Amino acid sequence: RESDHRAWTPVSYTVTRQNATVQGLTEGKAYFFRIAAENIIGMGPFTETTKEIVIRDPITVPDRPEDLEVKAVTKNSVTLTWNPPKYNGGSDITMYVLESRLIGKEKFHRVTKEKMLDRKYTVEGLKEGDTYEYRVSACNIVGQGKPSFCTKPITCKDEIAPPTLDLDFRDKLIVRVGEAFSLTGRYSGKPAPKVTWLKDDIVVKDDDRIKIKTTPTTLCLGIRKSVREDSGKYCVTVENSTGSRKGFCQVNVVDRPSPPVGPVIFDEVHRDHMVVSWKPPLDDGGSEITNYIIEKRDAHRDLWMPVTSATVKTTCKIPKLLEGRDYQIRIYAENLYGISDPLISDEMKAKDRFRVPDAPEQPIIKDVTKDSAVVVWNKPYDGGKPITNYIVEKKETMATRWVRVTKDPIFPSTQFKVPDLLEGCEYEFRVSAENEIGIGDPSPPSKPIFARDPIAKPSPPVNPEAVDKTKNSVDLSWQPPRHDGNGKIIGYLVEYQKVGDEEWKKANLAADSCPETKYKVTGLTEGLTYKFRVKAVNAAGESEPAYVPDPVEVKDRLEPPELILDANMAREQHVKAGDTLRLSAVIKGVPFPKVSWKKEDHEVSPKADIEVTGVGSKLEIRNTVHEDGGIYSLTVENPAGSKTVSVKVVVLDKPGPPRNLKISEVRSDSCYLTWMEPEDDGGSVITNYVVERKDVASAQWVAISSSSKKRSHIAKYLMEGTQYLFRVAAENQYGRGPYVETLKPIKAIDPLHPPGPPKNLHHVDVDKTEVSLAWNRPDRDGGAEITGYLVEYQEDGADEWTKFQTVPMLECVVTGL
């Protein structure tokens, strides 16, 4: 029962043991208990507890404290912390007992005598270099509990730890102007590090806006009301004797841009539009300029009209202006963070100030050649802007399309040499001028010109002379002029004058009737003396005359023939076959002799080209062959006499085919070839013979000798039973002649002999009209397999044998007897 109640409450009716557990009691309340014994007869008297029992857990000493840790060590102190025990023994902790033991000693000693309830304690007055271990116990009203686990041995010395740095900010930070920002973080290190803040490598100091706060574990840089100048690379350095750590942050304080930089420049002004330009803002606000906003205003009105807000260039065309009105332009710069203040221009009147250049006057063409011409023009009015280029164009007179003569600029020269003209074509040229506004109109076309070299009159002919004469004519000869005046010489004019007269008469009326450098003047009077002169003529006109030095008396003259032999008319002339044979000689004589060529007293071959000129003769045979060799003679004859020269011509050629090719001594692996030298050695000694063979089944000839000088050869290494063809050619220094070939194939086999006689011929049976015979094989087969046996019979007393038949076997039945 509860102590303040009178009623008893049964706990159990049947307990056979001498103990019982009472459940369902309330902690903190006082109870009385009673017990009675019972048997089958009945229950005995109760026995009651003498005093009340208060219900509560039993009290013990506390458990050992948890997590004893060393927090700091110096050369003369150690700071320790710990956590309370998991169970306090049922009573509050009244104090903690901290003990230490010097390493090397056995006993722990209490560190402090005063009552200690804090769970952190610094042991001071230690000796530097000593090593201790520590433990701590908890106490309650029952007593002192178990000590904690010992710390590791701790040596008294100043602790060293390199700095650590943990930042709360990233590498980049963007802040709007006027806003505050801070850079914070945590750090550690032993000894305590020094904290330094830098901006763009310059130390940051406190002022009204900038605050730096540093605690033993935290750091902070704060800026109020940021301005654009706060942008930069911030660096915090944490440094002690063991090292340093750094953290960086690129802070960009952004704002709208500053105004574009003026003044506004009017690059172009026209009656209906202008082109303006300006410079970018000095400060883009920390963010790239995304566009410019351009507006225009009539100076007599207050309203600003938008032009564009989508340009990123620093130039803009202002369209739709009214001619004669004054305009102002204003320009804003814009970035992601806003629009700048405007840049406003001066007033500008809309009217044409500049235009393209005028058309030049008609150009003049000079210094014309067959492939070029120089175009010259005068500078036109430049339209108010300097001329920067001239454009020269050409076209053929009959064409319609003009073509630029060069892509390169032509300036400041007012003339240009046009290249690449086609000789003989007629061209026109025109010129346009260009300034920064554009290209002006072209000039009128030039006068047409032909692309050809300029022509002057030629110089006089050179060295005119009288080379022959008769009773009514004189033959003149000269050399071409030294200079043709850049024009083709059309021909020559020949004039003559009778000695004593003043008048020169023309021997030919037109220059083209005398295109050669010689002329025969006819119709002269025998016995008179004449002077002669010659003029050269081209398209530009006649040259000055060139005079024959001395007057010429017209009469017949006789000179016997004379032959001046060229080098190719030596006593013997060698020509390689296929080359051209040339025989020539200079011929003189008056009158000019009759010329005849002979070959060994016969007419020369029709293939020979014979040319006779007034000064000589030439015989030419192209693609000579061996038969063109022989003795050639040249005879010249006139009334004053005759002269003959001869030359032996040898045509050197490849030799002819060898003769009489024969094969003998055929064996199974060789045969013997013989032949005779060619009838024609080609005019050169035969140096060697080439011998080749060919399997009849093959298309390919195989050389078996190419250097033999003999006229025979043993062909070795033949394959038995194979049929071969052979051929032989002769060679000299001019090449290899044609082959002579065997007519029939030669089979590589040993020579055959008739077989020996059969052996042991005997009859095996006899009848009245037939006899059965048998025999054995002969001893020798003659080098080839025996194909059969010829059986003959003879009547007794007769002279001749009668053939019966050929049998393949070693037996035969002769019938019909």
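Guide: Before we start, strands here are DSSP runs of E with at least two residues, and helices are runs of H or I with at least four residues, both numbered from the N terminus. The model is a predicted one, in which local features need pLDDT of at least 70 and side-chain atom pairs count only at pLDDT 80 or more, while totals for chains, interfaces and linings use all residues. Residues are numbered from 1 along each chain as its sequence is written, and side-chain values use heavy atoms, with hydrogens and water left out.

Visitor: Okay, where is Arg 430?

Guide: Arg 430 is placed in strand β35, which covers residues 426–435.

Visitor: Is Arg 430 buried or exposed?

Guide: Arg 430 has a relative accessible area of 19% and is therefore buried, since buried means under 20% relative accessible area, exposed means over 50%, and partly exposed lies in between, with a 1.4 Å probe and protein chains only.

Visitor: And what does the side chain of Arg 430 make a polar contact with?

Guide: The partner is the side chain of Glu 393, at 2.7 Å; a polar contact is a pair of N or O atoms within 3.5 Å where, within protein, one must be able to donate a hydrogen and the other to accept it, and residues adjacent in sequence count only if both atoms are side-chain atoms.

Visitor: Switching topic, how many salt bridges are there in the whole structure?

Guide: A search of the whole structure gives 31 salt bridges, each being a side-chain nitrogen of Lys or Arg within 4 Å of a carboxyl oxygen of Asp or Glu.

Visitor: Which residue does Lys 535 pair with?

Guide: Lys 535 forms a salt bridge with Glu 495, and their closest N and O atoms are 3.9 Å apart. Because Lys 535 lies in strand β43 (residues 529–538) and Glu 495 in strand β40 (residues 491–498), the pair ties together parts that are 40 residues apart in sequence. Lys 535 counts as buried at 13% relative accessibility, and Glu 495 counts as buried at 6%.

Visitor: Which residues are linked with those two in a network?

Guide: The network of salt bridges links Glu 495, Arg 533, Lys 535 and Glu 542.

Visitor: What about Glu 620?

Guide: The side chain of Glu 620 meets that of Arg 582 in a salt bridge, 2.9 Å from N to O. This pair links distant parts of the chain, with Glu 620 in strand β53 (residues 616–621) and Arg 582 in strand β49 (residues 581–590), 38 residues apart. Glu 620 counts as buried at 10% relative accessibility, whereas Arg 582, at 43%, counts as partly exposed.
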